[in-house]
Amino acid sequence: MRLTTRVSLYALALALMSGSGAQAQQKAEVLHWWTSAGESAAVKVFADQFTKAGGTWVDNAIAGGANARAAAINRMVGGNPPTMSQFNTGKQFDELVSNDLVRDVEALARTGKWRDVMPKSIVEATVRNGKFYAVPVNIHGQNWLFYNTKLLADAGVEPPKTFPELIAAGDKLKAKGVIPLALGGQPTWEHNLFRAVLVGHGGADLFRKIYGGRDQATAKSAKFKEVADVFGKLRALVDPASPGRNWNDAANLVITNKAAMHFNGDWAKGEFVAAGQSPGKEYGCTLVGEGGGKLVIGGDVFVFPATKDKAQLAVQDKLVEVLLDPTTQLEFNKKKGSIPVRLDVDVASMDVCAQKSAAVLKDPANQVEAMELLSPPSFSGAMQDAVTQYWNNPGMSVDAFVEKVVAAMRDAA
Amino acid sequence: MSSATLEVPPAAAAAPPPGRRRPRTRLPAALALLPTALVVLVVYVGCMVWTVRLSFTSSSLLPRSDWVGFAQYWRLFNNDRFLTSAENILIFGVLFVAGCLILGFLLAVFIDQDVRGEGVFRTLFLYPYAMSFVVTGIAWQWFLNPGLGLQKLVRDMGFSSFTFDWLVNQQMAIYTIVIAGIWHGAGLTMAILLAGLRGVDADLWKAARIDGVPPWRYYLSVVLPLLRPMVVTAVVLLATGVVKLYDLVVAMTLGGPGIATEVPAKFVMDHLFERNNIALGTAAATIMLIAVISVLAPWVYAKYVRPQGRQA
């Protein structure tokens with residue numbers, strides 16, 4: 001008897017709570033993986049703005065992108081999704097769209113004129129069947145070369161503009177006793193370096209044909225082999241203790257004057273900022289490649305799990321509004337190290353590197369879609385295995401590497 | 001209602017009326033075991049069946065229920081990384097189990113010599129086991145890193161040609177995992193074997209001494225056979241550690257340099273969660289299951305099936 005009374009009381013309380021919650025306050029549970037200091041400061045901008053707009057932000061941060069995405073997908077499939085959930089711009093949520101697990105936000109996109117203010121490649125990466133299925137919130141450039149201005153000046157070299165120049169500069173830097181190129185020796189970062197070489201030395205078309213088209217003939221072409229050869233030559237610029245190193249430790253080598261150059265995405269700026277350095281002074285950022293260099297862009301999006309609950313739909317609409325508000329965009333991206341996804345936001349108050357990003361992206365010819373936008377994770381992963389084997393086996397021939405790339409393409413098809 | 005059913009089994013089990021027929025006392029026991037049995041059946045066996053089924057589909061991010069035959073297995077056995085993983089787990093398995101047993105036995109024998117401060121040593125040797133594989137991995141990563149750890153230390157002491165770069169060396173990296181694993185697991189093996197040693201009759205030692213048997217011979221030919229059940233326990237515990245080897249590798253090398261220290265469990269995890277390739281991941285998991293069963297089956301047969309058959 002007592003038990004039943006208690007249970008019914010709980011049930012009543014629960015019903016009251018959820019009932020009043022839906023009416024009185026707009027509660028949004030947000031699942032994301034922004035857990036580092038800079039990242040959580042950035043996501044707090046969203047949370048504060050949403051609170052200001054009258055909502056209640058329930059933060060659900062899960063460390064590690066893969067973990068967070070797995071949790072989100074499990075909850076969506078299980079029918080208890082968060083209000084919105086983070087993904088990377090690109091193909092990660094393709095199957096969620098085809099299984100009707102996420103909601104399209106096309107109506108909001110039309111009123112907000114998203115297609116006019118966002119870069120074409122980001123729009124294409126978010127639109128499925130002519131409809132927006134996610135809200136992009138930022139643009140990350142993935143192939144920046146960060147360099148230590150003092151070490152380059154000491155060795156008498158200019159920031160390299162092409163990869164042959166970079167390799168030549170490597171010898172001079174080595175003579176000075178510094179590590180020419182700092183690399184986080186984990187498969188992800190070796191693969192990131194490879195893509196920087198592919199787009200810089202091989203060009204945007206080659207990059208798209210390899211990652212987007214997965215064209216086996218292109219992989220066997222002379223140009224691709226040349227790229228592989230240049231990539232292989234970079235091994236000589238990296239110190240032997242690189243394997244297993246974290247990317248932030250690699251960036252730290254540049255900060256502490258031990259290494260001269262480091263390829264990374266613009267998120268690495270956070271490390272320099274934390275060390276009290278500012279762009280253009282202690283360190284610089286540049287794009288390496290033929291014809292001024294192209295910027296490989298990706299970023300983050302939020303998807304909105306499908307729901308029939310009218311109140312939740314209204315909350316989701318409000319979230320979208322907050323995410324893309326120009327002021328929020330500016331403040332969020334300053335903290336995040338990326339640049340606003342809206343190219344109509346004035347970036348004059350951002351740092352030099354961010355301004356450079358925005359300027360480069362003004363010309364659509366400079367925008368190259370990141371791997372995440374072009375290829376499904378299964379192929380990206382298989383490529384990563386091929387690249388890390390090639391990088392770590394100096395004895396492996398270019399042809400053997402091409403063979404592995406072709407195999408990865410065949411398997412992914 | 002629920003409290004009523006819950007009260008029956010303890011009452012019946014606590015005071016089984018003497019002389020009654022067995023089936024009546026068995027019913028409550030069966031009831032009490034039912035939830036566990038259901039969990040095992042649905043969660044463990046069910047998931048295994050589900051995993052095997054998925055390995056015959058083309059599932060990527062979400063499970064699909066089509067049928068592609070053995071296509072995923074064909075891919076798997078043409079995948080460099082999986083083949084390297086399989087080879088690595090063999091190397092690790094053999095060296096890790098053997099290393100832990102030998103080192104653990106020696107430590108146990110050492111402690112069994114009535115050394116002073118036995119408690120201190122016991123704690124010291126068992127301590128690594130109290131650490132998670134992640135902590136172990138990171139500590140050994142730092143220690144073996146040529147730019148930070150042992151190599152730098154020895155070089156700073158003046159031996160500038162000293163080289164110990166196994167961690168970043170493709171051929172040797174897997175052995176650093178073995179070293180860290182043994183460091184972690186030897187203490188547990190020691191504790192198990194020490195418990196066994198304490199159970200060995202002291203008179204045996206006296207008898208052996210009268211016969212003039214040297215100590216090493218005594219331990220090898222008399223004590224070790226007596227410790228057989230303890231050794232089996234240790235091997236089973238260590239073997240489960242081999243199969244699930246994942247966190248140590250992730251913390252220490254992330255599978256690198258290149259793919260030199262990849263292991264099957266990491267292959268499965270990466271393909272399930274990072275690469276949206278459920279089908280290939282479950283295929284690899286199925287192969288792991290088959291491998292474990294084929295190792296266990298002869299042992300289970302010898303241990304449980306055959307003796308029973310003989311008795312009957």
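## A helix and its buried face

Two residues are in contact if their C-beta atoms, placed from the backbone, lie within 7 Å.

Helix 21 of chain A covers residues 398-412, which makes 15 residues, and the distance from its first C-alpha to its last is 21 Å, close to the 21 Å expected at 1.5 Å a residue. Its buried residues are Phe401(A), Lys404(A), Val405(A), Ala408(A) and Met409(A). Around the axis they cover an arc of only 140°, which puts them on the same side of helix 21 of chain A.

## Chain A as a whole

Chain A contains 21 helices and 15 strands. Its radius of gyration is 23 Å, close to the 22 Å that the globule rule gives for 413 residues, so chain A is as compact as a globular protein of that length.

Of the 413 residues of chain A, 51% count as buried. Among the contacts in chain A with a separation of 6 or more, 77% are accounted for by residues 24 or more positions apart.

## Strands in chain A

Strand 1 of chain A, residues 26-32, has five of its seven residues buried, so it is largely enclosed by the rest of the structure. This strand pairs with strand 2 (residues 55-61) of chain A in the parallel sense, over seven bridges, and within strand 2 of chain A it is Asn60(A) that stands opposite Leu31(A). For strand 10 of chain A, residues 259-264, six of the six residues are buried, so this strand too is largely enclosed by the rest of the structure. Strand 10 of chain A pairs with strand 8 (residues 144-148) of chain A in the antiparallel sense over four bridges, with Phe263(A) in strand 10 standing opposite Leu145(A). Strand 10 of chain A is also joined by two bridges to strand 9 (residues 179-181) of chain A, and these two strands run parallel; here the bridge partner of Leu181(A) is Met261(A) in strand 10.

Elsewhere in chain A, four strands form an open sheet in the order 14-7-12-15, and the pairing is mixed. Strand 14 (339-340) and strand 15 (367-369) of chain A stand at the edges, each with a single partner strand, so one side of each is left without a neighbour in the sheet. The pairing between strand 7 (residues 138-141) and strand 14 of chain A is antiparallel and extends over two bridges, and Asn138(A) has Pro340(A) in strand 14 of chain A as its bridge partner.

## Chain B as a whole

Chain B has 14 helices and zero strands. Its radius of gyration is 25 Å, whereas a compact globule of 312 residues would have a value near 20 Å. Along its principal axes, the C-alpha trace of chain B spans about 80 × 70 × 40 Å.

Buried residues make up 31% of the 312 residues in chain B. If we take the contacts in chain B between residues at least 6 apart in sequence, 67% of them join residues at least 24 apart.

## A helix in chain B

Helix 6 of chain B, residues 133-144, has 12 residues that should span 16 Å at 1.5 Å a residue, and its end C-alpha atoms are 16 Å apart, which agrees. The residues buried in this helix are Phe133(B), Thr136(B), Gly137(B), Trp140(B), Gln141(B) and Leu144(B). Seen down the axis of helix 6 of chain B, these buried residues fall within an arc of 130°, so they line one face of the helix. What covers them includes helix 7 (150-156), helix 8 (173-198) and helix 12 (247-252) of chain B.

## Where the two chains meet

In the predicted model, 24 residues of chain A are in contact with 27 residues of chain B. On the side of chain A that touches chain B, the elements that give two or more residues are helix 3 (65-77) and helix 20 of chain A, and helix 20 of chain A gives the most, with eight residues. By class, this side of chain A has 11 nonpolar, 10 polar and three charged residues.

Definitions and conventions
Residues numbered from 1 in each chain as written. Chains lettered and ligands numbered in written order. Predicted model: local features only at pLDDT ≥ 70, side-chain atom pairs only at ≥ 80, totals over all residues. Expected span 1.5 Å × (residues − 1). Buried ≥ 20, exposed ≤ 12 C-beta atoms within 10 Å, placed from the backbone. Arc of directions from axis to C-beta. Nonpolar A, V, L, I, M, F, W, Y, C, P; charged D, E, K, R; others polar. Rg over C-alpha atoms; globule rule 2.2 N^0.38 Å. Pairing = 2+ DSSP bridges.
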